Amino acid sequence: MKDKIQKRLLMKKIMLVFAIIFLFLFVFTIIAFSKNENLFNPNDDWSILDLKFTVLNPFPKKEKTKSIYLIAGWDIMLSRNIWRLGKLEWYDRIFWSWNYNPINEFNWCNDENCILFFNLESLFYTPDNDIREAWFMFRANPNNVQTLSQLKWNKDLVLSLANNHTINGWFKWIKMTKEILDNYWIHYIWAWFDLEESRKIKIIKKNDIKICSQAYSYDWQYVKVWEWKISRNKINENDIIEDIHAMKYLDCDVKIIVLHRWAEYRIQPNTSQKNLAKSLVQEWADLIFWWHSHVPWVFTKIDDKFVFYSFGNFIFDQNWGKNSRINADYIYDHNLKRNTVATYVSLLWGFKITKSSSGVDIKLDKIIMSEVENWIHSPLNEETYQWIYDKINEIE
C-alpha cells in the first residue's frame with residue numbers, strides 16, 4: 001500500500017514539472033511575439049498552426065544552385081599530313097581508348113553537364129588535300145569527322161568556323177561541312193550564306209544555364225561568286241557590342257565572344273587587342289577567346305572576367321616548332337633542353353559555371369597541357385608546364 005502511495009506522489013511531481021515547463025514556454029513565446037511586430041500582428045490572419053510552424057522551422061531553405069562545365073581548347077585542323085596517317089591507321093586514331101585523352105583529366109565534366117569549345121580550321125570536301133606537303137588550302141576528307149565524333153562523344157561540341165581558312169573552300173565546301181557537322185550533332189558558329197543569318201546568336205541551354213556565343217574573323221565580310229555567296233562576321237567593335245547587347249536581351253547567362261586575328265607565334269597581346277578586350281568586357285562579355293597564334297598566349301582578367309589571347313593548337317601538323325629557329329616567341333622545353341616554339345603544346349581550360357538566385361559565377365577550375373607527337377597527346381612534363389604557366393599568367 002505504501003509503495004502505491006509513493007508512486008502516485010512521484011507521478012504528481014512529474015506532471016507538475018511538465019506543467020511548469022509548458023507554462024514557461026507558452027509565456028516566453030507570447031513575449032517574443034509581442035516584442036516583434038514582424039512576427040506577430042493582431043490584424044493578420046494567423047493560427048496556432050502558424051505559430052507551431054514558425055517555432056519548429058526557424059531556418060530558411062537552402063538555396064538551390066545549378067552548374068555546368070565548359071572545356072575550351074582551340075585549333076583543330078583535319079587535313080594535310082595529319083590525315084595521310086589517318087588513312088593508314090584509320091580516321092579515329094587520335095582518341096583510341098588506349099591513347100591519352102586530355103579531356104578525361106577534367107573530373108567535373110560528364111556527358112550530362114559538359115560543353116566542349118574548339119576552332120575548326122579545315123573544311124570538309126572531296127577530293128581532299130590529305131597530303132604530306134604543307135598546302136595551305138585546308139580540305140579534309142569527310143571521313144575525318146570521326147575524330148570529332150570521338151572527341152565529342154555524348155557531350156555538346158561547339159566549333160567556331162571563324163578563321164581565315166574557312167574561305168579556302170567557298171560555298172560548296174562550307175555547305176558540305178555544315179551538312180556533315182549537322183549529321184553528327186556538332187554545333188558550329190559563324191559561317192553562313194547571308195549577313196542576317198551570320199549574325200544569329202548561338203544558344204545552348206544545359207541544366208537551365210543558357211550559354212550564348214558569337215565568332216568573328218578578319219578579312220572580308222561578304223562574298224558572292226556567281227550564284228554562290230558566303231558571309232561571315234568581320235571583327236568590328238560596334239557590331240560585336242551590338243551582339244553582346246542582343247545576348248543580354250536574350251537573358252544569356254554566359255556571353256562568349258570568339259575572335260580570330262593578329263600575330264602568329266607570339267605570346268604577348270598588343271595594345272589594340274587589350275583595348276578591344278577591355279571595351280567588350282565593359283559591354284558585358286563574360287568570356288573572350290582569341291586565336292590565330294598557334295601557340296599559348298597570355299591570359300588575364302579584366303573586371304573579374306577572363307580574357308584568353310590564345311589556346312594554341314589542339315590537333316595541328318606543326319611539330320616543326322620543336323626544332324624551329326624562326327622569328328617567334330620561345331618557350332623552354334625541359335625534356336628537349338632547348339628553346340622551342342610551342343606549336344606542339346596543347347592547352348585545355350576547364351570552367352565550372354554555377355547559377356544561383358544571386359547570379360552566375362564562372363570559375364577557372366583546371367588547366368591541362370599536353371604534348372602532341374604525330375597528333376597523339378601525352379602529358380606535358382611538369383617543369384615545362386610550370387614554365388609556360390608562369391609565362392602566360394597575368395592574373396593579379
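This is a predicted model: local features need pLDDT of at least 70, side-chain atom pairs count only at pLDDT 80 or more; totals for chains, interfaces and linings use all residues.
Local features were considered only at pLDDT of at least 70 and side-chain atom pairs only at pLDDT 80 or more, whereas totals for chains, interfaces and linings use all residues. Residues are numbered from 1 along each chain as its sequence is written, and side-chain values use heavy atoms, with hydrogens and water left out.

The protein chain contains nine helices and 20 strands, taken as DSSP runs numbered from the N terminus (helices, H or I, at least four residues; strands, E, at least two). Of its 396 residues, 49% are buried, where buried means under 20% relative accessible area, exposed over 50%, and partly exposed in between (1.4 Å probe, protein chains only). Among contacts (heavy atoms within 4.5 Å) between residues at least 6 apart in sequence, 71% join residues at least 24 apart. The accessible surface, computed by the Shrake-Rupley method with a 1.4 Å probe, comes to about 21100 Å², of which 55% belongs to carbon and sulfur atoms.

Helix H7 (237–249) has 13 residues and reaches 18 Å from its first C-alpha to its last, close to the 18 Å expected at 1.5 Å a residue, the expected span being 1.5 Å times one less than the number of residues. Its buried residues are Ile-240, Ile-241, Asp-243, Ile-244 and Met-247. Because they cover an arc of only 160° around the axis, they lie on the same side of H7; the arc is that of the directions from the helix axis to the C-beta atoms. These buried residues pack against strand E8 (209–217), E11 and helix H8 (271–282), while the face turned away from the buried side carries the exposed residues Asn-238 and Tyr-249.

The loop between H7 and strand E11 (254–260) holds Leu-250, which is partly exposed at a relative accessible area of 32%.

In the loop between strand E3 (123–124) and strand E4 (139–140) lies Pro-127, which is joined to Thr-126 by a cis peptide bond with omega of about 0°.

In helix H3 (residues 81–89), the buried residues are Asn-81, Ile-82, Trp-83, Leu-85 and Gly-86, and their cover includes helix H4 (145–152) and strand E15 (313–315).
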